[in-house]
Amino acid sequence: MTGQAPGKLWMYFLEAILITVPTSLVLLAGYRRAVSRSMRQVGAGIARPLVAAKTELQADNRALMHSSDGTPTESVTATKRRLVLVYGLASLVAAFLMAFLFALSMKFDLSLLGAFVSWYSYAWPVVPITVILLALPQHRNILFLLLYLLLGAVLVGGWSWFSSSILGHVDTSPLKNTRYFLQFLGQVFWLPYLIILVTGNRRLRPVSPLVMAGLLVFSFGSLFARDLYLAALQANPKAAWLLFGGSRAYALWYLVAALPIGYGCWVGLRQLASWYERKRFSDVQLVIDSWWLIVSFQFSSQLASDFGWAGLAGLLAFVGYRGTVELGLRVFRLPRGHRGPTLLLLRVFGFQHRTEVLFDSVAERWRFVGPVMMIAGGDLAMRTVNPGDVISFVSGRLSSRFIADEEQGRQATAAIDGLQDPDGRYRTTKFFCREDTWRHTLTMLLEGSDLVLMDLRGFSESNSGCSFELQELIAQELLARTLLVVDHTTNKSLLEETIRQQARSCGKADAEPLQVRHLARQSSTELAALYESLQRLIGHGSMP
């Protein structure tokens, strides 16, 4: 069995990973179509309400903006430092456990330098983890990995040179040791890093952890059922006939065993979604956990070549990582009840790619500052889907999440959670609305919003919904706290005329000063400046 263990573990591990990508793509495509289709349907109907005055919730949010401890920048910096410290330490603990198990598998004693090389090599996941933790652009992954390789090569080469030139160890070669380090690190990280790059894609990331978790459990559950059957057959050759009878007993056994295993996976996924809804972890934490699970499983399959099934002890690396994260987040606990300014994202629907880029660059970064709210749509469906949405979609209950009448609208907006997740991020809350309920929902969302980011690229006469949104912004005196995003596709004269007309219809002689940011190419520099402009609106009626 020891000789078969590596191949079995590796085969079932790869099967689960390879199936994860197409399954996630199919799931996301179906979910997006379901959201777009349900949006076009009509609910119970809500008469357009009169423009509401500012609510107590809105007043409370304004007070919280001015009573927060420190500036938003200071709070964000402290949160990111906490994350880097906790997850960096957890990664080092997991790497230490893997290096220790690797040393046990070696047929010779490792030197102190060799132990460092193995520990540093197994700590490589800190690179993609840092990128996703800090909401950095994904292209930074490659750059940071090259810097990680360079730092390791410098450390190993410097250590070897000191040992050879200063300590007189003539058998130590800096060049040889550096080459060995790079080869070993390359062997350790190339496959799991490739998998992480694929599953970490912004369109796959929201669902790939759930899909992979279910497939890993199902794959290894099937492996266990298979070996259980074979063990029974070896113990008693007549076991196959006793179980089912016939020459196809094994196939029947596999099919029967798949039923409870599949049901167990479903129950586990529902529990995972329930924990997410109860804020036991954030979506980013779930992604990082799935990455360390990939690394740990891959390491376990390598250990199996020496330890057989005992190679599954490599999963202790994941246990060590997860335990350190839990302990670290509890020790460095966030202040209780801290609420940040709420950002409402409005946009012209129908431009998926550029809306996703704007969301990734601005809204995702804002989650360190405060909550993000939006009306759900097909353009951002692949960015904002969460475990609860996945379970609802797969079970055929996605329509229950759509606001169909006024009472559901009140309940949905009243249930907005403005508190942070364990990692310090605030959540993105989307509201599924029918064709005849989104206006009422928007009015209620504006009452609880502190800032508004309105993407008006592509705005034209056909966008009557945007005209309604502008009217509500003026009526609730939020225009001064709204940052308008425009480009060459925006009908600017129509925009200005619409604002003047809506101001007059609301009984205002003049509209408030506009806060406008023009995006020419949607470059990283422009998006960074857009985010900074949005931050400057906090606590001010207008931008300086």
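Q: Which strands does helix α17 lie across?
A: Helix α17 (residues 438-447) lies across β1, β2 (372-375), β3, β4 (428-433) and β5, and runs at about 160° to β2. Contact here means heavy atoms within 4.5 Å. Axes are lines fitted to C-alpha atoms, for helices over the stretch in contact, with angles from 0 to 180 degrees between N-to-C directions. Helices (H or I, at least four residues) and strands (E, at least two) are DSSP runs, numbered from the N terminus.

Q: What kind of model is this?
A: This is a predicted model, where local features need pLDDT of at least 70, side-chain atom pairs count only at pLDDT 80 or more, and totals for chains, interfaces and linings use all residues. Residues are numbered from 1 along each chain as its sequence is written, and side-chain values use heavy atoms, with hydrogens and water left out.

Q: OK, back to the strands. In what order do they sit in the sheet?
A: The order is β3-β4-β2-β1-β5-β6-β7, seven strands in an open sheet with parallel pairing. Two strands pair if DSSP finds at least two bridges between them.

Q: And which strands stand at the edges?
A: β3 (402-403) and β7 do; each has a single partner strand, so one side of each is left without a neighbour in the sheet.

Q: How many bridges join β1 and β5?
A: Five, in the parallel sense, between β1 (residues 343-347) and β5 (residues 451-455). R347 has D455 in β5 as its bridge partner.

Q: What does the R347 side chain meet in a salt bridge?
A: The side chain of D379, at 2.9 Å, N to O. D379 lies in the loop between β2 and α14 (381-384) and R347 in strand β1, so the pair ties together parts 32 residues apart in sequence. A salt bridge is a side-chain nitrogen of Lys or Arg within 4 Å of a carboxyl oxygen of Asp or Glu.

Q: Is R347 buried or exposed?
A: R347 is buried, with a relative accessible area of 3%, and D379 is buried too, at 4%. Buried means under 20% relative accessible area, exposed over 50%, partly exposed in between (1.4 Å probe, protein chains only).

Q: How many salt bridges are there in the whole structure?
A: A search finds 19. One of them joins D360 and R383, with the closest N and O atoms 2.9 Å apart. Salt bridges that share partners join R202, R203, E356, D360 and R383 into one network.

Q: New topic: what's the phi of E477?
A: Near 55°, a positive value in a residue other than glycine. E477 sits in the loop between α18 (464-475) and β6 (482-486).
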